[in-house]
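Subject: Handover of a structural model

Dear colleague,

Please find the structure below, handed over to you together with its sequence. My findings follow directly after it.

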Amino acid sequence: GPGAAGQRRKEMVLSEKVNQLMEWASKRSVIRMNGDKFRRLVKAPPRNYSVIVMFTALQPHRQCVVCKQADEEYQILANSWRYSSAFTNKIFFAMVDFDEGSDVFQMLNMNSAPTFINFPAKGKPKRGDTYELQVRGFAAEQLARWVADRTDVHIRVIRPPNYAGPLMLGLLLAVIGGLVYLRGSNLDFLYNKTGWAFAALCFVLAMTSGQMWNHIRGPPYAHKNPHTGQVNYIHGSSQAQFVAETHIVLLFNGGVTLGMVLLHEAATSDMDVGKRKFMCIAGIGLVVLFFSWLLSVFRSKYHGYPYRY
């Protein structure tokens, strides 16, 4: 009957779509789409597969640094899925570049990039199907957790081998071993309080500025407004931060610390009075200046912050 014929046509169309996507996925983990491919394979029914689409602007004249960084993590996630033993046609990863599919951006009323959207196998995307990039960052591990929440597909992220860490560790051990060998008869330098204090201070400044948060979340370095071109280095929310913001806070904390060290030296050293006065004034100036800038950062992130300089 007509119903059975329509069902067969629908199954044929679906089979053609899946075969086409599987063929493309076998050649490239992230399928590049233009407007026609997007409307035919993602928007139009029938569809029994989910598609994760990254909307981006990778052309050099767009000057989207975050897009390039997010694309690297997205490629890692897609490759982890494509070359895993659990790979099926249940989910595909695709990309729409603005210069190849500007009509798709207009159709979805999208005015920023990069943006990740999950198009589920059934129905239209809901609110949770748009990835919160500014909050969660674009690290492949974070994207994998979001994909698991939306599709029940669990992807184990496998990154390419990075030998920078072992090389740096080997270099550090070689330097330490060389120092011990050259100064084997005199190891007093290992008991240098100033050296250990400086190393501990660098570690504390790195941790209090948010370096570990960056390592876990993988946020963008900064954010450039696509309409005005203005670059923001401080995130406007207390729930997220940029890498540049970490460096700024580290610098401010370092300035305050240096000011306190100068004040301590001015009060306890045996130098002449003139030098101690200069160190005292310089220390007060550093503390006031950098601490006031720290408060301004807090006020910009925590709206209604009651303290100011």
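Predicted model: local features only at pLDDT ≥ 70, side-chain atom pairs only at ≥ 80, totals over all residues.

Helix packing

Two packed helices are described by the angle between their axes and the distance between the axes. Two such pairs are reported here.

The crossing in which α3 passes α6 is right-handed. On the α3 side, the contact is formed by Glu 73, Tyr 74, Ile 76 and Leu 77, and on the α6 side by Ala 140, Leu 143, Ala 144 and Val 147. Sorted by class, the residues of this contact comprise seven nonpolar, no polar and one charged.

The second pair is helix α10, residues 243–268, with helix α11, residues 273–301. Their axes cross at roughly 150° and come within 7 Å of each other. An angle over 145 degrees counts as roughly antiparallel, so α10 is roughly antiparallel to α11. The crossing of these two helices is left-handed. Their contact has 21 nonpolar residues, together with four polar and four charged ones.

Cysteines and the disulfide

How many disulfides does the model contain? The count comes to one disulfide, where a pair of cysteine sulfur atoms must lie within 2.5 Å. The bond joins Cys 64 to Cys 67, with an S to S distance of 2.1 Å. The torsion about this S-S bond is about 70°, so the disulfide is right-handed.

Buried or exposed: how do Cys 64 and Cys 67 count? Residues under 20% relative accessible area are taken as buried. Cys 64 has a relative accessibility of 16% and therefore counts as buried. Cys 67 is also buried, with a relative accessible area of 0%. Cys 202, in contrast, is partly exposed at 37% relative accessible area. Cys 280 is likewise partly exposed, and its relative accessible area is 29%.

Backbone

Where are the cis peptide bonds noted here? One of them runs from Pro 45 to Pro 46, with omega near 0°. Pro 46 lies in the loop between α2 (35–43) and β2 (50–56). Another cis peptide bond runs from Ala 113 to Pro 114, again with omega near 0°. Pro 114 belongs to the loop between α4 (102–107) and β4.

That loop between α4 and β4 also holds Asn 109. The phi of Asn 109 is near 55°, a positive value in a residue other than glycine. Asn 109 is exposed, with a relative accessible area of 69%.

Asp 152 likewise has a positive phi, of about 65°, although it is not a glycine. Asp 152 is placed in the loop between α6 and α7 (164–182). With a relative accessible area of 59%, Asp 152 is exposed.

Trp 146 is part of helix α6. Its relative accessible area is 3%, so Trp 146 is buried. Which residues does Trp 146 contact, leaving aside its neighbours within four places in sequence? They are Ile 52, Phe 116, Ile 117, Asn 118, Gly 128, Asp 129, Thr 130, Tyr 131 and Arg 136. As a further distance for your reference, the C-alpha atoms of Trp 146 and Ser 84 are separated by 18 Å, and these residues are 62 residues apart along the chain.

Arg 127 sits in the loop between β4 (115–119) and α5 (133–136). Arg 127 is exposed, with a relative accessible area of 81%. Between the C-alpha atoms of Arg 127 and Ile 117 the separation is 9.6 Å, and the two residues are 10 residues apart along the chain. Ile 117 is also one of the residues in contact with Trp 146.

With kind regards

Note on methods: Residues numbered from 1 in each chain as written. Heavy atoms only, no water. Left-handed = near helix turned anticlockwise from the far one by under 90°. Helix = DSSP H or I, 4+ residues; strand = E, 2+ residues; numbered from the N terminus. Contact = heavy atoms within 4.5 Å. Nonpolar A, V, L, I, M, F, W, Y, C, P; charged D, E, K, R; others polar. Buried < 20%, exposed > 50% of the residue type's maximum accessible area, 1.4 Å probe, protein only. Axes fitted to C-alpha atoms, helices over the stretch in contact; angles between N-to-C directions. Parallel < 35°, antiparallel > 145°, perpendicular 65-115°, else oblique.
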